[in-house]
Amino acid sequence: MALEYKYVDGIIEGFLIILPAMFANATPVIAKGKRPVDFRRNFIDGRRLLGDGKTWEGLAAGMLAGTLTGIILAVLTGNLILAYAGFIASAGAMLGDLAASFIKRRLGLSRGAPAPLLDQLNFYIGAVALLYLAGFKFTLWVFTLLAILSALLHIAANIIAHKTGLKNVPW
Ligand code: CTP
Ligand code: MG
């Protein structure tokens, strides 16, 4: 299987590649994790590295859900590369989410405080960045369209998580 892919310029193709990242991103909130990824350590500014909202259980649940989504898509479409892309997209989504929390803590924002755009797009930017490094390069219009779709789905998922009591805040 060639790891050097090509430019992803179809919206369906791009959606199938990014869908595992959406599942990876939506799952951690269900995990109710207890072990913080940063082991409760502080950064040099005296604030938490990432905070209690980023847990190992959440990471594992997200990776599992996203990777499984990729495998299912690969089986359904007969395109095995979607399983590989799904794993990469999930890992990127998790890294993007951790990076956003790191940035929020540096800005002095406490866990769960809203950070518009950063909260909605961290997983997407992380997924696209890692996919890019793996050879899956989105064209600008696919990138833009999927960014809007990702943000809208993220908002919808959080409203559902809030209404079902999984989350205290709807963002
Ligand atoms: N979560 C988790 N592990 C992760 C990501 C999320 O356990 N790696 C859970 C946490 O319970 C978190 C919830 O999912 O509170 C919602 O995730 P998110 O909105 O990303 O975290 P916040 O609590 O808003 O924290 P932050 O301010 O750092 O973004
Ligand atoms: Mg949040």
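## A walk through the predicted model

The structure holds six salt bridges. Keep in mind that this is a predicted model.

Let us begin with Arg48, whose side chain meets that of Asp52 in a salt bridge, with N and O 2.9 Å apart. Arg48 has a relative accessibility of 19%, and because buried means under 20%, Arg48 counts as buried. Asp52, at 34% relative accessibility, counts as partly exposed. With a relative accessibility of 2%, Asp38 counts as buried. The side chain of Asp38 makes a polar contact of 2.9 Å with the side chain of Arg48. A polar atom of the Asp38 side chain also lies 2.9 Å from the backbone nitrogen of Leu50. If we set aside neighbours within four places in sequence, Asp38 is in contact with Arg48, Leu49, Leu50 and Gly51.

Now follow a bridge that reaches further along the chain. The side chains of Lys54 and Asp97 meet in a salt bridge at 3.0 Å, N to O. This pair links distant parts of the chain, 43 residues apart: Lys54 is in the loop between helix 2 and helix 3, while Asp97 is in helix 4 (residues 81-106). Both Lys54 and Asp97 are buried.

Another bridge joins Asp119 and Lys104, with their closest N and O atoms 3.0 Å apart. Asp119 belongs to helix 5 and Lys104 to helix 4, so this pair ties together parts that are 15 residues apart in sequence. Asp119 and Lys104 are both buried. Returning to where we began, salt bridges with shared partners join Asp38, Arg48 and Asp52 into one network.

Helix 5 has another residue worth a visit. Is Phe123 buried or exposed? Phe123, which lies in helix 5, has a relative accessible area of 2%, so by the limit of under 20% it is buried. Leaving out neighbours within four places in sequence, Phe123 is in contact with Ala21, Met22, Asn25, Gly92, Ala93, Ser150 and His154. Phe123 and Leu95 are 28 residues apart in sequence, yet their C-alpha atoms are 7.4 Å apart in space.

Two of those contacts, Ser150 and His154, lead us to helix 6, where they are among the buried residues. Others buried in helix 6 include Val142, Leu146, Ala147 and Ala151. What covers the buried residues of this helix includes strand 1 (7-8), helix 1 (11-26), helix 5 (118-133) and strand 2 (137-138). Helix 6 has 24 residues (140-163), and at 1.5 Å a residue it should span 34 Å; its end C-alpha atoms are 35 Å apart, which agrees. After helix 6 comes Gly165, with a positive phi near 85°.

Positive phi values turn up elsewhere too. In the loop between helix 2 (28-31) and helix 3, Lys32 has a positive phi of about 50° although it is not a glycine. Phe39 lies in the loop between helix 2 and helix 3, and its phi is also positive, near 50°. Phe39 is exposed, with a relative accessible area of 53%.

Leu68, Ile71, Ile72, Val75 and Leu76 make a nonpolar surface patch of about 520 Å². One of these residues, Leu68, lies in helix 3 (residues 56-77).

Definitions and conventions: Residues numbered from 1 in each chain as written. Chains lettered and ligands numbered in written order. Predicted model: local features only at pLDDT ≥ 70, side-chain atom pairs only at ≥ 80, totals over all residues. Heavy atoms only, no water. Helix = DSSP H or I, 4+ residues; strand = E, 2+ residues; numbered from the N terminus. Expected span 1.5 Å × (residues − 1). Buried < 20%, exposed > 50% of the residue type's maximum accessible area, 1.4 Å probe, protein only. Contact = heavy atoms within 4.5 Å. Patch = residues over 30% accessible without salt bridge, like charges linked within 9 Å, V, L, I, M, F, W, Y side chains within 5 Å. Areas by Shrake-Rupley, 256 points an atom, 1.4 Å probe, with all protein chains shown as cover. Salt bridge = Lys/Arg side-chain N within 4 Å of Asp/Glu carboxyl O. Polar contact = N/O pair within 3.5 Å; in protein donor to acceptor, adjacent residues only side chain to side chain.
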